[in-house]
Amino acid sequence: MSLVKKYGKETSLSLLQNMLLMRRFEEKAGQMYGLRKIGGFCHLYIGQEAVAAGTIGALDLKSDYVIGAYRDHGHALAVGMDPKEIMAELYGKASGCSKGKGGSMHMYSDEKHMLGGNGIVGSQIPVGTGVAWKIKYMEEKGVVLCYFGDGAIHQGAFHESLNLAKIHDLPIIYIVENNQYGMGTDFKRVSSVHDLAQMGYAYDIPGKQLNGMQVMEVYDEFVKAVKSVREEPHPLFYEIKTYRYRGHSMSDPAKYRTPEELEEYKQQDPIPILLKQLQEEKFITEKEYKKMDDEIKAICDESVDFAEKSPEPDLSALYEDVFAEA
Amino acid sequence: MNREKYTTENKEETKMPVITFREALRQAMDEEMARDDRVFLLGEEVAQYNGAYKVTQGLWEKYGDKRVVDTPITEEGFTGLGVGAAMVGLRPIVEWMTFNFALMAYDQVVSNAAKTRYMSGGQFKLPMVMRGPNGPAEYLAAQHSQALQSIFAHIPGLKVVSPSTPYDAKGLLKTSIRDDNPVIFLEGELMYAWKGEVPEEEYLIPLGKADVKREGSDLTIVSYGKPMRISFEAAEKLAKEGINAEVIDLRSIKPLDEEAVYASVRKTHRCVIVEESWPFASVGSHLGWLISKNAFDYLDAPVEMVASEEVPMPYNHRLELAVQPQVPKIVAAAKKVLYLDD
């Protein structure tokens, strides 16, 4: 039985919808960046959608948490944050999820258990480990998904965290989203180990490699993984192989890779792959897909409209949120 | 005022119990852990070994593995773990065996502890204390003997606290543990054995409130942390020469009780700042600028500063003492602002 059939129409369609929302949102963000509506660093998630959709799709965000790096728009959408407040944050507006104080790299939602959005490579890994500590300390049933890129895996923060997580059997799943380039550097040029999934073994945490262009495979694995961690707290480690179609950030023309390579990966685009699987099961028609896409495009347009019309933060906001008041 | 006389000897007819600085810190943690289940302690050797400097002695026995946690020697990892735990509602006390090792955790302190609240538009609180011995000890050389408060005080989003007596240490640490923000709590290896009166009943000392440890009228000596003791000794020495120094203990560097300093300077018109860090871009140099800006009309002499020499700490004892503030240096600075140069 196909995985699409195994999980049924509703779940599979929602994964498609989720990925498509990320794709269209990021296209819009890239467009608005080009129009200089968005400033600074802006790292688009285009190509990697199946990772956030497939993993976060397996969570219960009442008890589970998500924390990641600076390529975070996709994860923010996947946890269910409002595209309007994400776009407004990109615009630096007061109505943004972080009141315009975080920007592209710092999407947070206390309510949706989205803990950022961290701009320092690997810096979120110990923090995510601490969130898992709290779950265990409070004897809750939650799981933390902690994301980072292939560039972060050599940071001490990664190694120190896996060690701590294993010593204390913390309920956390570490996910290296291996998009194969740490900025402009092919990960193989700077990693002594090319099969990154092996890197958990040093800490007695078995690693597994997944194809991050196949959302159903990612989802299927994470349904099981999250369940096992929820039942009996322990750390897991996944390398999810993926590919970003755009540069590292908006300022990167990505000249370090060949057009042939890019084309090869575009043939593995996770969205058409899932669409085809859904069509094979007759879960969606071409017409219905077009309708879904149009609706999503409208949501993205609305998010831009909302951001455009939102006010700038008041200057007095400068001094707010530095400290919590007693 | 007598309770803060910087002496290790028992005074006659003490009404309050006399305990050491380390016992005062321990009592603060013990009481706060008993009061709030969310408070837990983690760091190197804090549990089974009873603490590298025995500050946490007995706490593991009392609270167990869950709440008193020995960590691997990975400051970045366990400090970051504290940040994450604090973000979602726990109240960690992170012990750094010394502040020298806190440099390994500096990214977690600066990038995450100090900034997460702001970057998230105020969505998260970071109630955590990072504490341990800071400042020079003896015979430890450059990597293990340095005062690093300035690099923490420099960062918006951190509170920085520096007690100088057992009484203050307990009251300030209890307040720091209850604070909903990241607090850097500076102790001193050579201070742990200092003794002082600490009442049995509970008390808290607010952050951001300086303490006039000795009243005087001729000049103001401002310090914090360990050099408070030599500042006090210098004041006693000056008193024998008929010079009446007021000695102010900042107690917390951030928030900084500027007004207490100005009030004293308005009275004495002269000021000497004493600190054991290097003077370049330091707490003391910043305070000197504030005084010259906000109390300029009251000053009868330029503000003097006694800090450490701008060198890494040498191992040799004679040399290492020469690097640091000492009583004669403070006395000389006091005379300078009084235009009493010998």
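This is a predicted model: local features need pLDDT of at least 70, side-chain atom pairs count only at pLDDT 80 or more; totals for chains, interfaces and linings use all residues.
On the side of α6(A), the contact is made by A:Gly156, A:Ala157, A:Glu160, A:Ser161 and A:Leu164, and on the side of α3(B) by B:Glu76, B:Gly77, B:Phe78, B:Gly80 and B:Leu81. Sorted by class, the residues of this helix pair are four nonpolar, four polar and two charged.

The contact between the chains as a whole can be described next. It takes 33 residues from chain B and 31 residues from chain A. On the side of chain B that touches chain A, the elements giving two or more residues are α3 (75-87), α5 (106-113) and α6 (116-119) of chain B. Of these, α3(B) supplies the largest share, 10 residues. The class composition of this side of chain B is 12 nonpolar, 15 polar and six charged residues.

Attention now turns to the inside of chain B. The domain assignment of this chain gives domain 1 (2-197) and domain 2 (211-337), and the C-alpha centres of these two domains of chain B lie 25 Å apart. Domain 1 of chain B brings 27 residues to the contact, and domain 2 of chain B brings 27 residues. On the side of domain 1 that touches domain 2 in chain B, two or more residues come from each of α7 (141-144), α8 (149-153), β6 (159-161) and α9 (166-178) of chain B. That side of domain 1 of chain B divides into 15 nonpolar, eight polar and four charged residues.

Helix α9(B) also has a helix partner. The axes of α1 (residues 21-35) of chain B and α9(B) come within 8 Å and cross at roughly 25 degrees. An angle under 35 degrees counts as roughly parallel, which makes α1(B) roughly parallel to α9(B). The crossing of α1(B) and α9(B) is right-handed. From α1(B), the residues B:Phe21, B:Ala24, B:Leu25, B:Gln27, B:Ala28, B:Met29, B:Glu31 and B:Glu32 meet B:Pro166, B:Ala169, B:Lys170, B:Leu173, B:Lys174 and B:Ile177 of α9(B). Nine nonpolar, one polar and four charged residues make up this contact of α1(B) with α9(B).

In the loop between α8 and β6 of chain B sits B:Leu158. This residue has 23 other C-beta atoms within 10 Å, and because 20 or more count as buried, B:Leu158 is buried. Setting aside neighbours within four places in sequence, the contacts of B:Leu158 are B:Ala113, B:Ala114, B:Phe152, B:Pro182, B:Ile184 and B:Lys254. B:Val183 is 25 residues from B:Leu158 in sequence, yet the C-alpha atoms of the two are 5.9 Å apart in space.

B:Lys254, one of the contacts of B:Leu158, also takes part in a backbone feature of note. The peptide bond from B:Lys254 to B:Pro255 is cis, with omega near 0 degrees, and B:Pro255 lies in the loop between β12 (252-254) and α11 (258-268) of chain B. Chain A has a cis peptide bond that joins A:Gly116 and A:Gly117, with omega about 15 degrees. A:Gly117 belongs to strand β3 (residues 114-117) of chain A.

In chain B, B:His269 has a phi near 70 degrees, a positive value in a residue other than glycine. B:His269 is placed in the loop between α11 and β13 (271-274) of chain B and, with 19 C-beta neighbours inside 10 Å, counts as partly exposed. In chain A, A:Gln180 is not a glycine but has a positive phi of about 80 degrees. The loop between β5 (172-178) and β6 (181-182) of chain A holds A:Gln180, and with 17 C-beta neighbours inside 10 Å, A:Gln180 counts as partly exposed.

Key. Residues are numbered from 1 along each chain as its sequence is written. Chains are lettered from A and ligands numbered from 1 in the order in which they are written. Domain bounds come from an automatic or database domain assignment. Two residues are in contact if their C-beta atoms, placed from the backbone, lie within 7 Å. Helices (H or I, at least four residues) and strands (E, at least two) are DSSP runs, numbered from the N terminus. Ala, Val, Leu, Ile, Met, Phe, Trp, Tyr, Cys and Pro count as nonpolar, Asp, Glu, Lys and Arg as charged, and the others, Gly among them, as polar. A residue is buried if 20 or more other C-beta atoms lie within 10 Å of its own, exposed if 12 or fewer, and partly exposed in between; C-beta atoms are placed from the backbone. Axes are lines fitted to C-alpha atoms, for helices over the stretch in contact, and angles run from 0 to 180 degrees between N-to-C directions. Angles under 35 degrees count as roughly parallel, over 145 as roughly antiparallel, 65 to 115 as roughly perpendicular and the rest as oblique. A crossing is left-handed if the near helix is turned anticlockwise from the far one by less than a right angle, and right-handed if clockwise.
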